[in-house]
Amino acid sequence: KGLIDSSSFYPAEVKTPADRLRYYSDQFPLAEIDSSYHYFPTRNNVALWLDNTPPGFVFDIKVFSLFTQHPTQPGTIPRSLREKFGDAIPKQGNLYHHHLPPEALDELWRIFREAVGPIQAAGMLGAIVFQFPPWFHHSQGNLDYMAQCRERLPQHRMAVEFRQPGWLDEQNAEGTLAFLRRQGITMVCVDEPQGLPSSVSPIAKLTAPLGIVRFHGRNLENWEKKGIAGSERFNYLYSDAELKEWLPGIRRMAEQAEELHLVFKNKAQDFPVRNAEAMSKLLKGHSAL
């Protein structure tokens with residue numbers, strides 16, 4: 001919405017969602033689907049995404065909130081599943097993955113794989129991205145959970161983003177990276193505000209053939225504020241000097257990776273596309289990329 005309201009990216013004649021996607025996909029080769037975190041993609045939506053993007057375009061898909069152990073509203077569970085399992089699925093309050101019977105959880109994963117199947121079949125699915133919550137701490141149980149998620153997605157590229165700094169602190173970083181490499185899981189490298197209790201280190205490391213870096217902005221003042229809109233938390237425009245800080249790490253990752261995705265999540269106004277365009281120019285001028 002902020003990008004549309006900025007009136008600086010889309011031409012005036014580009015008015016519909018399909019038109020905007022066609023225009024966007026002429027400018028950039030990648031989009032991250034965030035709505036799939038809140039609701040399962042419908043067949044109609046997936047068809048529209050595929051019909052309005054060119055061959056070779058790539059979608060990274062955020063996985064459904066229940067699968068990352070976030071609180072989930074019961075009404076966002078597919079109706080077919082709610083009808084099939086009835087009272088076995090709570091109808092009130094926040095729902096977590098352990099609230100579902102094992103059979104219902106198996107079915108929910110099946111429905112998710114089926115929903116993204118057409119994107120996979122078209123060769124346009126980048127990664128299934130798991131952005132785990134701040135309470136997803138480094139533990140054997142959570143390592144086991146990620147391994148179980150990997151088993152649920154044997155034919156898909158899986159990526160994880162940590163929002164709890166303990167995964168990549170001095171004590172645990174080496175073990176975390178080794179685990180992800182054994183599992184063939186991409187670690188999402190992040191740029192975010194530093195110096196806070198929640199700050200995850202900006203480590204540029206490759207743990208799978210696909211590498212991903214997500215740029216969240218450096219809005220230190222708003223990063224940990226509660227009850228504010230994403231447009232306030234991520235309200236940050238990177239300078240070229242700040243983007244250049246990442247060039248050595250991106251270079252190292254690009255030399256090893258089969259594919260590398262750079263995603264700008266500083267979703268305020270037109271900041272993401274301005275920074276994506278700036279980064280593209282910097283990379284084109286970088287001799288090794």
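**Close-up views of the predicted model**

View 1. Gln269 is partly exposed, with a relative accessibility of 44%; here buried stands for under 20% relative accessible area, exposed for over 50%, and partly exposed for values in between, with a 1.4 Å probe and protein chains only. The model is predicted, so local features need pLDDT of at least 70 and side-chain atom pairs count only at pLDDT 80 or more, while totals for chains, interfaces and linings use all residues. Residues are numbered from 1 along each chain as its sequence is written, and side-chain values use heavy atoms, with hydrogens and water left out. Gln269 lies in the loop between β7 (259–264) and α11 (271–284); helices (H or I, at least four residues) and strands (E, at least two) are DSSP runs, numbered from the N terminus. Although Gln269 is not a glycine, its phi is positive, at about 50°.

**View 2. Ser7 in the loop between α1 and α2.** The loop that holds Ser7 runs between α1 (2–6) and α2 (17–27). Ser7 is a residue other than glycine, yet its phi is positive, near 60°. With 61% relative accessibility, Ser7 is exposed.

**View 3. The packing of α3 against α5.** Two packed helices are described by the angle between their axes and the distance between the axes. Helix α3 (residues 43–51) packs with helix α5 (residues 102–121) at an angle of about 15°, and their axes lie 10 Å apart. Axes are lines fitted to C-alpha atoms, for helices over the stretch in contact, and angles run from 0 to 180 degrees between N-to-C directions. The two helices, α3 and α5, are therefore roughly parallel (under 35 degrees; over 145 is roughly antiparallel, 65 to 115 roughly perpendicular, and the rest oblique). The crossing of α3 and α5 is right-handed, meaning that the near helix is turned clockwise from the far one by less than a right angle. On α3 the contact (heavy atoms within 4.5 Å) is made by Arg43, Val46, Trp49 and Leu50, and on α5 by Glu114, Ala115, Pro118 and Ile119. By class, this contact has 6 nonpolar, no polar and 2 charged residues; Ala, Val, Leu, Ile, Met, Phe, Trp, Tyr, Cys and Pro count as nonpolar, Asp, Glu, Lys and Arg as charged, and the others, Gly among them, as polar.

**View 4. Cys149 and Cys189.** The count of disulfides (pairs of cysteine sulfur atoms within 2.5 Å) is 0. For Cys149, the closest cysteine sulfur belongs to Cys189 and is 20 Å away, too far for a bond. Cys149 is buried, at 1% relative accessible area, and Cys189 is buried at 1% relative accessibility.
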